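Here is a short briefing for a reader new to this structure. Look over the sequence and the model, then read on by topic.

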Amino acid sequence: MKEIDTDRIEKAVRELLIALGDDPDREGLIETPRRVADMYEEVFEGMRYTNDEIADMFNKCFTVDNDNLVVVRDIECFSYCEHHMALIYDLKVSVAYIPKGKVIGISKIARIADMVCKRLQIQERIGADIAEILRKILDTDDIAVIISGTHSCMTARGIKKTSASTLTNSLYGKFRTNSDLRAEVLSILN
């Protein structure tokens with residue numbers, strides 16, 4: 001586990017305020033560097049952990065004797081684009097898998113998604129990371145992660161297309177190779 005250097009972040013934010021032409025010692029900004037450092041420690045918590053460490057953290061499974069499709073949909077998350085450090089918001093993460101002898105507690109799926117999103121990310125990697133962690137825990141390749149999200153680097157700056165959203169599918173195992181199963185899960189999740 002890596003530590004987040006909040007003192008260094010605080011100093012950098014102070015310098016950023018100066019670079020923006022403001023006075024970090026004025027009344028409204030005096031505590032801003034510390035508040036931003038504390039916020040970064042919270043919203044980037046996932047950067048402290050590898051996928052293996054996250055898998056170990058949330059490896060809470062139950063034995064089952066069936067292979068019925070499991071779906072958890074519309075897990076609300078947010079992340080930050082690694083290109084602009086801009087907010088990726090209205091993220092909806094949906095996960096489907098086919099058990100091979102065990103299932104994970106459904107709240108753990110949401111916790112995994114949340115932790116993966118708390119990194120500087122691209123949406124495509126969020127889906128791949130969630131699937132990788134679940135593969136490690138569940139010992140199955142039959143995993144699908146579907147994500148829709150809105151990127152403020154596209155809606156609030158640059159091209160400023162406020163209604164644009166991005167949809168990504170990370171499909172593995174039978175979800176990639178079985179077109180009927182893929183169609184079924186995509187119809188459930190979209």
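Asp90 is exposed, with a relative accessible area of 52% (exposed means over 50%, buried under 20%, partly exposed in between, with a 1.4 Å probe and protein chains only). The model is predicted: local features need pLDDT of at least 70, side-chain atom pairs count only at pLDDT 80 or more, and totals for chains, interfaces and linings use all residues. Residues are numbered from 1 along each chain as its sequence is written, and side-chain values use heavy atoms, with hydrogens and water left out.

**Positive phi**
- Asp90 is not a glycine, yet its phi is positive, about 50 degrees.
- Asp90 sits in strand E3 (strands are DSSP runs of E, at least two residues; helices are runs of H or I, at least four; both are numbered from the N terminus).
- Lys160, also a residue other than glycine, has a positive phi near 55 degrees.
- Lys160 lies in the loop between helix H6 (152–155) and E7.
- Lys160 counts as exposed, at 54% relative accessibility.

**Helix H8**
- H8 spans residues 179–189, and its buried residues are Leu181, Val185, Leu186 and Leu189.
- These buried residues fall within an arc of 125 degrees seen down the axis, so they line one face of H8 (the arc is that of the directions from the helix axis to the C-beta atoms).
- An α-helix has 3.6 residues a turn, so residues three or four places apart point the same way.
- Exposed Asp180 and Ser187 are on the face of H8 turned away from its buried side.
- The buried residues of H8 pack against strands E2 (70–81), E3 (87–97), E6 (143–151) and E7 (166–171), and against helix H7 (174–177).
- Asn178 caps the N-terminal end of H8, with a side-chain oxygen 3.0 Å from the backbone nitrogen of Asp180.

**Nonpolar cores**
- The largest nonpolar core has 35 residues (a core is a set of buried Ala, Val, Leu, Ile, Met, Phe, Trp, Tyr and Cys residues joined through side-chain atoms within 4.5 Å).
- Val93, Ile112, Ile130 and Leu134 have the most contacts inside this core.
- Elements that each supply at least two of its residues include H3 (51–57), H4 (106–117) and H5 (123–138).
- H5 gives the largest share of this core, seven residues.
- Beyond its neighbours within four places in sequence, Ile112 is in contact with residues including Ile54, Phe58, Ile104 and Ile130 (contact means heavy atoms within 4.5 Å).
- A second, separate core of 10 residues includes Ala96, Ala144, Leu181 and Leu186.

Notes. Polar contact = N/O pair within 3.5 Å; in protein donor to acceptor, adjacent residues only side chain to side chain.
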